[in-house]
Amino acid sequence: MSLTVIGTVALDSVESPFGKIEEGLGGSATHFSISAAFFSPISLVAVIGEDFPEEHIQFLKSRSINIDDLQKLAGPSFRWKGRYDYDLNTAHTLDTQLNVLTQFDPQLSSQAKQNPFVFLANIDPKLQKKVISQVANKPFIAADTMNFWIEGARDSLLEMLKDIDMLVINEAEARLLAQEYNLLKASNKIREMGPKILLIKRGEYGALAFYEDKIFNAPALPLEDIQDPTGAGDSFAGGVMGYLAKTQDTSFNNLKKAMIYGSVMASFNVEKFSLDRLRNLTHPEIEKRYQAFCELSHFENYELSA
Ligand code: AMP
């Protein structure tokens, strides 16, 4: 089953204590799509400028990613510049150039409109809302956002939240959105805004799911090699949504498995700069790491003696 995503396709310049990259392939929709395509075909809705390198477009095409809805507009592509210090959980944004994103008017093709799963990756909430208004047959809709939009476009963000089933954000964003420090209280406040399900990404500490009155804590695998955390959140969401779309099952139990696949994809994504680790990643490697995640947090319940 296919999955529609809208988000940014970007040229990222990133510096971490382990190296740097200038104008590499990035963007919320790119990290999401490359990760999700390991599980499900993708319809990518996004915009690029005239300067976007052809080799990146060919890379997207070489996966199960339909780029009929990838618009090319006159002007420069969206660019993001960021830095990480040794606390790799915190991205410091140095520069955001919206460029062609300001002229983007997404018009979904019939395939993108019909897909039963939709992900609104990090982008202007007004554009996320435009996608919601075009989809048919009540798909399962999940969304991401970030402090840039929570602080800069709160009203349109709150409008968008009313129409989605699941929100996937990080811990700091959850606190900022709910204006509440305690995560349990924040999760209740956010779910009153619209989404029934909330996933909170906690960087190197894993991720939490709030689903009706149930909570699941997905672990994070301690990793020896982390070079660039950019896109960890998007590749996590890609694994989650890709697996949900593949299995067509959004029950709590299946969401737990999806979160482990999401965590697996994020753990690979951070091992190299840009999307380089996902370029040669194989399905057996994904399954092996899924098992490692299971072993990491498996424990027996007490046998209560009479
Ligand atoms: P993540 O590390 O998963 O939170 O996402 C990183 C990706 O988000 C980068 O590849 C950036 O190109 C992209 N990005 C950064 N700022 C924004 C923004 N304001 N809106 C949409 N995408 C962004």
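Strand β11 (residues 166-170) and strand β12 (residues 197-201) pair in the parallel sense over five bridges, where strands are DSSP runs of type E with at least two residues, helices are runs of H or I with at least four, and both are numbered from the N terminus. Two strands are taken to pair if DSSP finds at least two bridges between them. Within this pairing, Val-168 stands opposite Leu-199 of β12. The model is a predicted one, in which local features need pLDDT of at least 70 and side-chain atom pairs count only at pLDDT 80 or more, whereas totals for chains, interfaces and linings use all residues. Residues are numbered from 1 along each chain as its sequence is written, and side-chain values use heavy atoms, with hydrogens and water left out.

Strand β11 is mostly covered, since four of its five residues are buried; buried here means under 20% relative accessible area, exposed means over 50%, and partly exposed lies in between, as computed with a 1.4 Å probe and protein chains only. β11 is also joined to β10 by two bridges, and these two strands run parallel, with Leu-167 of β11 as the bridge partner of Ala-143. In strand β10 (residues 140-143), Phe-140 and Ala-142 point one way while Ile-141 and Ala-143 point the other way, and all are buried. Strand β9 (residues 117-120) is in turn joined to β10 by four bridges in a parallel arrangement, and Val-118 stands opposite Ile-141 in β10.

An open sheet of four strands is also found, with the order β3-β2-β7-β8 and mixed pairing. Its edge strands are β3 (19-26) and β8 (92-97), each of which pairs on one side only. On average, neighbouring strands of this sheet are turned by 15 degrees against each other, direction ignored, the axes being lines fitted to C-alpha atoms, for helices over the stretch in contact, with angles that run from 0 to 180 degrees between N-to-C directions. Strand β2 runs parallel to strand β7 (residues 79-83), to which five bridges join it, and Ser-13 stands opposite Lys-81 in β7.

The shell around the ligand draws at least two residues from each of β2 (10-16), α1 (28-36), α5 (147-152) and α9 (232-247), and its largest share, three residues, comes from α9. Of the 18 residues around the ligand, those that come nearest are Asp-12, Gly-27, Asn-122, Gly-231 and Asp-234, a residue being counted as near if one of its heavy atoms lies within 4 Å. By class, the shell comprises seven nonpolar, nine polar and two charged residues; Ala, Val, Leu, Ile, Met, Phe, Trp, Tyr, Cys and Pro count as nonpolar, Asp, Glu, Lys and Arg as charged, and the others, Gly among them, as polar.

Polar contacts are pairs of N or O atoms within 3.5 Å; within protein, one atom must be able to donate a hydrogen and the other to accept it, and residues adjacent in sequence count only if both atoms are side-chain atoms. A polar side-chain atom of Asp-12 lies 2.4 Å from an oxygen atom of the ligand, and a backbone N or O atom of Gly-231 lies 2.7 Å from an oxygen atom of the ligand. For Gly-233, a polar backbone atom is 3.2 Å from an oxygen atom of the ligand. The protein covers 89% of the 510 Å² of accessible area that the ligand has on its own, as computed by the Shrake-Rupley method with a 1.4 Å probe, only the protein chains shown counting as cover for residues.

Several loop residues complete the description. Thr-8, in the loop between β1 (3-6) and β2, is buried at a relative accessible area of 7%, and a polar atom of its side chain lies 2.9 Å from the backbone nitrogen of Ser-28. Most residues other than glycine have a negative phi. Glu-212, however, has a positive phi near 50 degrees, and Ser-274 has a positive phi of about 50 degrees although it is not a glycine.
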